[in-house]
Amino acid sequence: MSNKYIGQSIKRVEDKRFITGKGRYTDDIILPGMLHAHFVRSPYAHARLVRIDLDEAKAMPGVIAIYTGNDVADVNGVPCGWQVNFRSGEAMREPKHPMLIPTGSTAKHVGDAVAVVIAETKDIAIDAAELVMVEWEELPAVAAPADALSSDAPKVHEQFPDNKAFDWTFGNPIEEVDAAMAKAAHITELEFVNQRVVPNAMEPRAYIGSYDETYDKYTLYTSTQNPHLIRLLMCAFVLGIPEHKVRVVGPDVGGGFGSKIFHYTEEALVTWSSKQLGQPIKWTSDRSEAFLTDAHGRDHATKAEMGFDAEGNIVGLRIKTVANMGAYLSTFAPAVPTYLHGTLLQGLYTTPKINIDMTCVFTHTVAVDAYRGAGRPEATYLLERLMDLAALEMGRDPAELRFQNFIPPFDGVEQPGYQTQVALQYDSGNYEAVLKRGLEMLGYDDFRTEQTKAAKNNKILGVGFSTYVEACGIAPSAVVGSLGARAGLFESAQVRVQPTGKVSVFTGSHSHGQGHETTFVQVVADKLGIPMEDVDLVHGDSDALAFGMGTYGSRSLAVGGSAIVKSIEKILEKGAKIAAHKLECAEGDMEYAEGKWTVKGTDKSISFGDVALTAYVPHVYPPGLEPGLDFSSFYDPANFTYPFGCHIAVVEVDKETGKVTLKRMIAVDDVGNVINPMIVDGQIHGGLAQGIGQALFEGTIYDENAQLTNGSYMDYCMPRADDLPMFETDRQVTPCPHNPLGVKGAGEAGAIGSTPAVVNAVIDALWSAGHKPKDILMPLTSERVWQAMK
Amino acid sequence: MITYPFDYKRASSIAEAVSMLAGGGKALSGGHSLIPSMKLRLNMPDTLVDVGRIPELKGISMDGDELVIGGGSTHGEIADSQLVKEKLSLFADGAAHIGDPAVRNRGTIGGSLAHADPSADWPALVLAANATIVVTGSNGERSIPATDFFTGLFSTALNDDELITQIRVPVLAGSKSTYQKFAQPASRYALVGCAIVKQADGQVSVAFSGVADTPFRDTDVEGNLNSGKKPGPVGKGQSIMSDNFASEKYRVHLANVYLQRALEAVA
């Protein structure tokens, strides 16, 4: 052990290649003989494929092959990785996403693929795709989740005429919640939409399938968050090829935000086509395709009621939500509105009775799945909007109302974890402290004075609060298995000490912007007491490591990092045996610090490097001990981790135009122990930008034909630096009691807490000016805010 | 997104460009509107005539009381020009509102005017400033008053073989001017762009981008203001646009608000 690196803001070692443009992404990889694919996609949200004519396209010079749905009829569709059954017991309806729509069948969202053109160059593939003649019979379509439930709604899958994928209820029995609500002195009711957003990773999806006949081996390069998971899904469920014959590599990946967790049809198709043609095949999505085919996020329509007694204590929470699944069930889609959302509805409060009624529906839109926060932002939005609105309605101070209802502090060691009404047991928390700190940073009393003063100068100011808890470190395998997951959610790691004492660390976590090559190396270097330069991190290659579950759900350090720590413990244990033998003393007399084993109470020592060399040159060696210093570990967490925090937004609203200017954004987050404060700050900053983006700028707009009308950056507004204030962040540390690093995860916190804070601030501003809207649809465009003031 | 195959010619003089355009082709200047639309295959010219390296199209100078801006001047060159800042700050300020630095360093005033996006910033600016668009074609040179230049949605008085060579703007001593813009948040084009030039005698010219399908001088508003009345509503008789960011009603409301703000700025 040493304390040289952990807790330090070490500059990211990976940034040199990223900043100098030398990152190696899938699209940068050029293989000998590589061909290029381009997809012919449905221009309609719902249409029958009547006829497809390839003659003209096939005749174009440079076109190698064109495959249609009939050619890939033997290939299974993409399956779902999580099963949530109807409350009646009926199995979840799980239409597989076909590789390509066969003739006579229907495309179910704009962008659903009907053919793939493979050509010598991308240009030729695109030009040839324009010559593929497709005859469509356009059919009526539905895009909004609530509309899908109406009796005359167009059907997405003929066999499921009610458009339901499944329904689900969770928490206390509804009768108990109804009874609690019946006694409430005040009920705050809110109907709102948590709108659909597009993940928009900077690097669009890209894949190269490469089949090598000589070794009968496939390689798939893919811009993924979890190479092993893609291998498992593609081999076992789609292509039916043996897993040991497939290598999946996730090289540098330019952001995912969830959208690159899932297995997509294009991945399997380039792999399958490569076998047919005996040449590597690359496909890179363009931005327009990304808008239409990447899994989207959120998309809930909700009615929520929170009941309070006369003193302001929460007595019950009753929720009815319709969640959009899109046309097909993507990999983790069923888990997002259910076990990643319903289980978080306790929030930070002592609410005694909670019930959620959830209906998940098919629509003629691309699939919806996990997007930064996945379910937890939706839960936080629901709770925190209710809290600020309840305070306004009851004439209470929103901060005071929270203090009154907070779960008291518990560290998970002296005090037990907190058992919620919705299955989870929080590990540790100190919720009052983060809100106190947030109020201090805001200067709450001064703010209210400023707000009143501003009103006299014809300016409208508002403040919005959001205090959140989330479940990260996903996840204990047995728990998620009992909830329908079809995978374990452990992580694995291998720590290989080379004979020279240098260390290669192999992790199943996958870095696509998170800075693992720095953070993980800080941990290893400190645990071994060696310089960071002596440690390298290898990730993203299924051939390099036994297995890995990848990166999402703020799990990498809490789960992947813990697996690494387990391997280091094994290294140190074996190293101590070798050291004791070399120093001719008992193993129990050894202690390890600063890169060497010392005989307790003496100055006799042996360095880590000498022990490593001895392990590989075992001439003087403990009898019976295996040579080598190389350990693999699997870590399955005992519980989720529960980061929490307080986000506060201050906005100014232009009275005449409705334009919202975000003046301040305060974030106090408790993500447990922190390895690299700068990287955690970066994660929080990025998350805040995305959360603010949802509140003020982002959101899909579908027309009556379920066409996406804002599928470009000219129309879909991403937050930009000049839209955002300088963020004011601070941290509190309540260590996670159940993993060896005491870390909780920081990847999603910013996106989870910030959205309701911003919307609450606008509502507060409008109430302060005498308007009393309960809700304004996100994103809060200037026109919507103007409407709310009319 | 990759364009279809097309021919590319580069002109080194205005005369050469005009002769190339006469042979069929579309002029390419900064390319910031044209190239993306070609990648999306919404616009599919067979031949591009690159006019981006014609020295005669560059340069900003005074000619008597007129500021003369070469049609190939970039937004950035205009925004940064000391001469423009001094003689016609409206144009320097307006140009600084366009896009981002990358766009301003590539896009040109001539290209933007010829493209005639109703939400671009230049149309309101040239209309309010009473600019003249000088164009050269197979039949020689002609001058088109800005007020006659914009003929509809993405359409102008420009013939296919004509190139915008100069923008000539009268510099009015003692005048005040302003450009007030409410940007569409995603594209940063104008949802409403209101340009006003107020002469020393108090007469105003008022023009709008972003509001109607064709950029326009609001002659009703001008008439009211110039006869000492309240401006009255903006956009009478115009085809007001409506989109995801602003309905027709909200756009008109914004236009009226921005007119007020512009009037305050030149008060």
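In this predicted model, the largest nonpolar core holds 323 residues, among which Val117(A), Val524(A), Val758(A) and Val762(A) touch the most other members. Helix H18 (residues 749-768) of chain A supplies the largest share of this core, with eleven residues. Once neighbours within four places in sequence are set aside, the contacts of Val758(A) are Gly464(A), Ala649(A), Val651(A), Leu662(A), Ile692(A), Ala695(A) and Leu696(A). In soluble globular proteins, nonpolar side chains tend to be buried together.

Helix H6(A) is largely enclosed by the rest of the structure, because eleven of its 13 residues are buried. The buried residues are Pro227(A), His228(A), Leu229(A), Ile230(A), Arg231(A), Leu232(A), Leu233(A), Met234(A), Cys235(A), Val238(A) and Leu239(A). Their cover includes strand S10 (217-222), strand S11 (246-249) and helix H7 of chain A. Just after H6(A), Gly240(A) adopts a positive phi of about 65 degrees.

The axes of helix H6 (residues 227-239) and helix H7 (residues 265-277), both of chain A, come within 11 Å and cross at roughly 70 degrees. H6(A) is therefore roughly perpendicular to H7(A), since angles from 65 to 115 degrees fall in that class. The crossing in which H6(A) passes H7(A) is right-handed. On the H6(A) side, Ile230(A), Met234(A), Val238(A) and Leu239(A) take part, and they meet Glu267(A), Ala268(A), Thr271(A) and Trp272(A) of H7(A). Six nonpolar residues, one polar residue and one charged residue make up this contact of H6(A) with H7(A).

**Helices H15 and H16 of chain A**

By class, the contact of H15(A) with H16(A) has four nonpolar residues, two polar residues and one charged residue.

**Backbone geometry in loops**

Most residues other than glycine have a negative phi, and most peptide bonds are trans.

| Site | Backbone feature | Value |
|---|---|---|
| Ile474(A) to Ala475(A) | cis peptide bond | omega near -5 degrees |
| Met778(A) to Pro779(A) | cis peptide bond | omega about -10 degrees |
| Ser554(A) | positive phi, not glycine | phi near 45 degrees |
| Ala116(B) | positive phi, not glycine | phi about 55 degrees |

Ala475(A), at the end of one cis bond, belongs to the loop between strand S18 (460-469) and helix H13 (477-482) of chain A. Pro779(A) occupies the loop between H18 and helix H19 (782-789) of chain A. The cis bond at Pro779(A) links this residue to Met778(A).

Ser554(A) is placed in the loop between strand S21 (535-539) and H15 of chain A. Ser554(A) counts as buried because 32 C-beta neighbours lie inside 10 Å, where 20 or more are required. In chain B, Ala116(B) sits in the loop between helix H7 (109-115) and helix H8 (122-128). Ala116(B) also counts as buried, with 22 C-beta neighbours inside 10 Å.

**A buried loop residue, Leu424(A)**

Leu424(A) is located in the loop between strand S16 (418-419) and strand S17 (425-426) of chain A. With 21 other C-beta atoms within 10 Å, Leu424(A) is buried. Apart from residues up to four places away in sequence, Leu424(A) touches Thr343(A), Ala471(A) and Phe640(A). Between Leu424(A) and Asp127(A), which are 297 residues apart along the chain, the C-alpha separation is 53 Å.

**The interface between chains A and B**

Across the interface, 14 residues of chain B are in contact with 20 residues of chain A. Helix H11 (residues 248-266) of chain B gives the most to the side of chain B that touches chain A, namely three residues. Classified by residue type, that side of chain B comprises eleven nonpolar residues, three polar residues and no charged residues.

Technical notes: Residues are numbered from 1 along each chain as its sequence is written. Chains are lettered from A and ligands numbered from 1 in the order in which they are written. This is a predicted model: local features need pLDDT of at least 70, side-chain atom pairs count only at pLDDT 80 or more; totals for chains, interfaces and linings use all residues. Two residues are in contact if their C-beta atoms, placed from the backbone, lie within 7 Å. Helices (H or I, at least four residues) and strands (E, at least two) are DSSP runs, numbered from the N terminus. Ala, Val, Leu, Ile, Met, Phe, Trp, Tyr, Cys and Pro count as nonpolar, Asp, Glu, Lys and Arg as charged, and the others, Gly among them, as polar. Axes are lines fitted to C-alpha atoms, for helices over the stretch in contact, and angles run from 0 to 180 degrees between N-to-C directions. Angles under 35 degrees count as roughly parallel, over 145 as roughly antiparallel, 65 to 115 as roughly perpendicular and the rest as oblique. A crossing is left-handed if the near helix is turned anticlockwise from the far one by less than a right angle, and right-handed if clockwise. A nonpolar core is a set of buried Ala, Val, Leu, Ile, Met, Phe, Trp, Tyr and Cys residues joined through C-beta atoms within 7 Å. A residue is buried if 20 or more other C-beta atoms lie within 10 Å of its own, exposed if 12 or fewer, and partly exposed in between; C-beta atoms are placed from the backbone.
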